[in-house]
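Subject: Structure for your review

Dear colleague,

Please find the structure below, together with its sequence.

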Amino acid sequence: MKRLMFKLGILCMSMMFYVCQATSNLHPVILVPGNGGNQLEARLTRGYKPSSLFCHWYPILKQKGGWFRLWFDPGVLLAPFTQCFADRMMLFYDKDTDDYRNAPGIETRVLHFGSTQSLLYLDPSLKRATAYMAPLVESLEEIGYVSGETLFGAPYDFRYGLAAEGHPSKVGSKFLLDLKDLVEKASRNNGGKPVIIVSHSLGGLFVLQLLNKNPISWRKKHIKHFVALSTPWGGTVVQMVTFASGYTLGLPFVDPLLVREEQRTSESNSWLLPNAKVFGERKLVITPNATYSAHEITRFLDDIGFSRGVYPYTTRILPLMEQLIAPEVPITCVIGGDVRTPETLFYGENGFDEQPDVVYGDGDGTVNMASLLALEKLWAEEKNQPLKVIRIGGISHTSILQNDSALAEITGEIYSINSHVISSVL
């Protein structure tokens with residue numbers, strides 16, 4: 001009996017050794033968040049002109065150097081501070097430099113690039129209410145990933161986007177360079193193994209641009225797989241509500257008109273407007289006097305009173321939206337579905353200052369199914385592009401990062417991508 005127990009003990013120790021070997025040989029993973037998916041900090045400089053007395057002193061408590069959390073700040077739920085938040089989040093397009101910049105007197109910074117820390121919770125003091133990628137990180141740790149060794153994060157200033165060729169995009173381009181460096185570092189520090197990039201939502205558009213802006217030799221050397229969660233490849237109808245009437249992301253007590261102007265100025269929001277390649281001629285917005293399809297976004301921007309957004313949209317964003325080029329690296333799209341998603345917006349005689357009546361269709365509650373599945377259609381003839389789609393019914397745009405079934409699908413796919421490493425060790 002003792003001899004049997006001894007042999008079982010040796011067997012267990014051997015299995016633990018092999019499992020440790022396998023997990024230490026995992027392909028490194030880099031997480032790229034979506035719009036609003038990581039913390040941002042700001043500080044006020046002498047050029048700041050508060051729009052009210054509240055904004056002059058809010059927040060009372062600041063960190064060393066005057067820094068404070070800009071996103072996510074629960075103070076946005078209170079009307080006097082909603083305007084302060086909107087003023088500080090706003091971007092300005094400078095036609096002279098052909099680029100976007102912060103509002104005067106506002107400096108911003110992204111925390112903990114390379115780490116998952118600022119992706120876990122949007123406000124660490126409100127973990128239950130603001131958990132973002134924490135459940136996904138925990139799930140990856142359960143299959144052997146270690147933060148800072150094989151698991152990394154790539155937070156960014158999600159208000160900024162990218163621009164078409166020939167147009168500067170200082171902030172967005174700097175993020176792509178930093179992400180490229182992180183990919184190379186993660187690979188180098190893990191024995192040269194290529195990286196698995198896992199993105200959520202808007203992050204997937206940035207990753208696709210990263211891949212296509214680098215030569216195929218770089219992609220084949222450094223990228224093992226791209227796992228895209230809930231990516232709006234062709235934009236969303238929800239974004240037209242955002243521009244027309246303001247969108248509160250489901251936050252209670254927030255007046256959408258107070259945040260509308262700030263949301264209109266976000267460069268990345270323009271990138272998420274419906275793509276005509278995906279939505280075609282279908283009427284997305286209907287008013288008593290006009291209708292708008294994805295082909296008529298410029299007229300839509302004019303008619304909602306945002307004429308100054310037309311030029312940067314047509315010159316910088318629209319050509320970029322057409323660049324859904326197959327990067328010839330393996331891609332898995334994991335998407336939700338069977339959730340009511342705005343498909344057609346009806347505005348009445350009171351115009352765009354009121355929220356529209358909505359006809360719903362299929363999607364993940366935020367992104368329309370046509371957009372989630374756009375790559376299947378657009379790349380149907382791309383013989384050199386491995387593409388897999390995993391669809392999970394009843395899963396929303398954000399619950400894909402929290403629901404146990406969704407997390408099992410995601411980690412299962414990543415485990416499968418690593419399977420040859422684990423099987424070779426075992």
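Please note that this is a predicted model.

Two other cysteines form a disulfide. The sulfur atoms of C55 and C84 lie 2.1 Å apart and are joined in this bond, and the count of disulfides comes to one. C55 belongs to helix α2 (residues 53-57) and C84 to helix α3 (residues 79-89), so that the bond links distant parts of the chain, 29 residues apart. The torsion about the S-S bond of C55 and C84 is about -90°, and the disulfide is therefore left-handed. Both ends are enclosed: C55 is buried at 0% relative accessibility, and C84 is likewise buried, with a relative accessible area of 0%.

The second topic is strand β8, which spans residues 195-200. Six of its six residues are buried, so the strand is largely enclosed by the rest of the structure. This holds for both faces: V195, I197 and S199 are buried on one side, and I196, V198 and H200 on the other.

Strand β8 has pairing partners as well. Strand β1 (residues 29-32) pairs with β8 in the parallel sense over four bridges, and I30 stands opposite I197 of β8. Strand β9 (residues 223-229) also pairs with β8 in the parallel sense, over six bridges; here S199 has A228 in β9 as its bridge partner.

Yours sincerely

Technical notes
Residues are numbered from 1 along each chain as its sequence is written. This is a predicted model: local features need pLDDT of at least 70, side-chain atom pairs count only at pLDDT 80 or more; totals for chains, interfaces and linings use all residues. Side-chain values use heavy atoms; hydrogens and water are left out. Buried means under 20% relative accessible area, exposed over 50%, partly exposed in between (1.4 Å probe, protein chains only). Helices (H or I, at least four residues) and strands (E, at least two) are DSSP runs, numbered from the N terminus. Two strands pair if DSSP finds at least two bridges between them. A disulfide is a pair of cysteine sulfur atoms within 2.5 Å.
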